[in-house]
Amino acid sequence: MTTVLRMTELYAPTLKETPADAAIPSHQLLLRAGFMRKSATGLYSYLPLGWRVIHKIEQIAREEMDGIGAQEIMMPVLQPAELWHESGRWDDYGPELMRLEDRHGVGMCLGPTHEEIIVDLVRNELKSYKQLPLTLYQIQAKFRDERRPRFGLMRSREFIMKDAYSYHTTQESLEETYQKMYDAYGRYCERAGLEYRPVAADSGQIGGKVTVEFHALAESGEAELVSCTCGWAANSEIAPATPAPVSYGASAFEKIATPGVHTIAELAAFLGCSEAATVKAMVGKNAEGTPVALFIPGDYDLNELKAERAFAGFELASDDEIEKWGLPKGSIGPVGLPEGILVGADESLRDIDGWVVGANEEGFHYVGAAPGRDFEVDVWADLCAVKEGNACPQCGAPLSVTRGIEVGQVFQLGTKYSEVLNGNYTDEEGDEHPYFMGCYGIGISRTMAAIVEQCNDEFGIFWPLSVAPAHVCVLPLTVGDDVVQPAAEKVAAELAELGLEVVIDDRDERPGVKFAEADLMGWPLQIVVGKRGLEAGEYELKVRRTNEKRSMSFDEFNEWYALSKREPNTVAVFFEQVGVTR
RNA sequence: CGGGACGUGGCGCAGUUUGGUAGCGCGCUUGCUUUGGGAGCAAGAUGUCGCAGGUUCAAAUCCUGUCGUCCCGACCA
């Protein structure tokens, strides 16, 4: 039997006013409702209510992992630098890795992820094909020294993550587990009450090729997603763009004076053509520091991740660098570029024989410049950022753009880590091979924020039943009397007896305060017990998600209570009946 | 790391331009009244104005430095 939480005892200090340094709903409401407090930038303490929610979310993740045969372990947060040197990531990971030394001067770091530790954990004992496949996971705090922590739990320096790692003898076995994980992640999102979408993604720091991100759909999401009605969806970072540039006509090749023109908009206006008929220049440098000039249709933006794929280590140049290379910003073009500059151009421009481009001379542009005739392109590639309405790569229909919060990601790592870290097993023939690995992460604390982003209104939070800090809040409108409070206590006790998590607002507060705070904290169901209702022989129920109210007569309640004592499933049926369906 | 802004009781803010010894709302404590959507009246408590230097008869206010915080960008699971 669950005990009844009492508001008189609960440490959940609320804020009437929105904290000045919180910008998005989840951050504001988790602070206001007393679920957490900030300790420093990107570092938060969870208060009792927030911690209850975290536990619920963790438990969903745990059940889904256990359900597909993964085994829970716990690895250290503090890790030896030695292992990171071995994998090469001590240098590769960059300043995001929280580094420190112990008293003997031995290098350590706070784990941002656990590939190194877990390979080390198993490499001496996971030696036979007979022991594979194997999946291990943990739920634990991770540390990343984010360049710019922001939005509360959305991007913090310490956060709670579920991370799982799988080991296999073959790619097929890896794919099988990967698929199970994929399915489990979908169930996780659903059970957490999220509206979500799996999308194709870039593998970034972690490495590997096949990867999918699970995003909770939300306006405040940091990621841009593109999707199609056919089911195809991707993070816009990797989505192919399909610009439709317009030719100016190669026969018009001519250098013309364009005084005062510096931007694409000005250029198009000056010439009286569409921006799609102009070509935008973006200048950067590759890993060796060689200048790279990129050309894309004027009505599109550069996708830097794509540029990095075409030119390893690409990054945009500073104004100083551009000047140093002798390029006039605002008038850069491929015709007559200084020696030694690499030229990249967007695929879509390949068949365009009349480009409108800068003349590399302040105040002059070329029109009708033709690739192959007037200039050469070293690399043709997809370089543009995808736009709403671009063609779906799968079916050709127009793509739509939404925003998302990344709550999870699944990777097929292959043998990347097992090779460098010497994680080998022996096969039936007695030969050694590195194992195939997969890794799978869920942001537990970020999930809590994502839920609030989706489940809030002008009054506060409305938690999905599955993760709410308690299922129902009983609100006696007066306390200390011998009618209302005893009646409320009885209802609360009976509900708790049925296995519900119940909180009772037994504070000597005015009704308005109790209503406002119950709404703010987001209990899925409120049961109001007041003199008025008692006289009419009924309780009042309010479903927080919809803010719909209805009354329930004592008879109705007693009947349901009696039924529920015999048949536990009645609790679920009850919630469905009163309208708490998720 | 670049750009911008901000640090004044627990929270939200005014006061800084033009230096004169700190104020408002909420919250907190006590009393009375009130009691179905963040109550009213009264009385109280709480601040080395982020910190350190400097200028000055005098600094929340001006100057320098420093630390912290937020937003945009770059970057990142």
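This is a predicted model: local features need pLDDT of at least 70, side-chain atom pairs count only at pLDDT 80 or more; totals for chains, interfaces and linings use all residues.
Residues are numbered from 1 along each chain as its sequence is written, while chains are lettered from A and ligands numbered from 1 in the order in which they are written.

Let's start with the sheet. Six strands form an open sheet in the order 1-29-28-30-31-32, with mixed pairing. Strands (E, at least two residues) and helices (H or I, at least four) are DSSP runs numbered from the N terminus, and two strands pair if DSSP finds at least two bridges between them. Strand 1 (4–6) and strand 32 (548–553) each have a single partner strand, so one side of each lacks a neighbour in the sheet.

Within the sheet, strand 30 (residues 525–529) pairs with strand 31 (residues 538–543) in the antiparallel sense, over four bridges. Here Val528 stands opposite Glu540 in strand 31.

Now back to helix 13, residues 511–521. Its buried residues are Lys514, Glu517, Ala518, Asp519, Leu520 and Met521; buried means that 20 or more other C-beta atoms, placed from the backbone, lie within 10 Å of a residue's own. These buried residues pack against helix 1 (25–32), helix 2 (48–67), strand 27 (460–461), strand 28 and strand 30, with contact meaning C-beta atoms, placed from the backbone, within 7 Å.

Notes
A residue is buried if 20 or more other C-beta atoms lie within 10 Å of its own, exposed if 12 or fewer, and partly exposed in between; C-beta atoms are placed from the backbone. Two residues are in contact if their C-beta atoms, placed from the backbone, lie within 7 Å.
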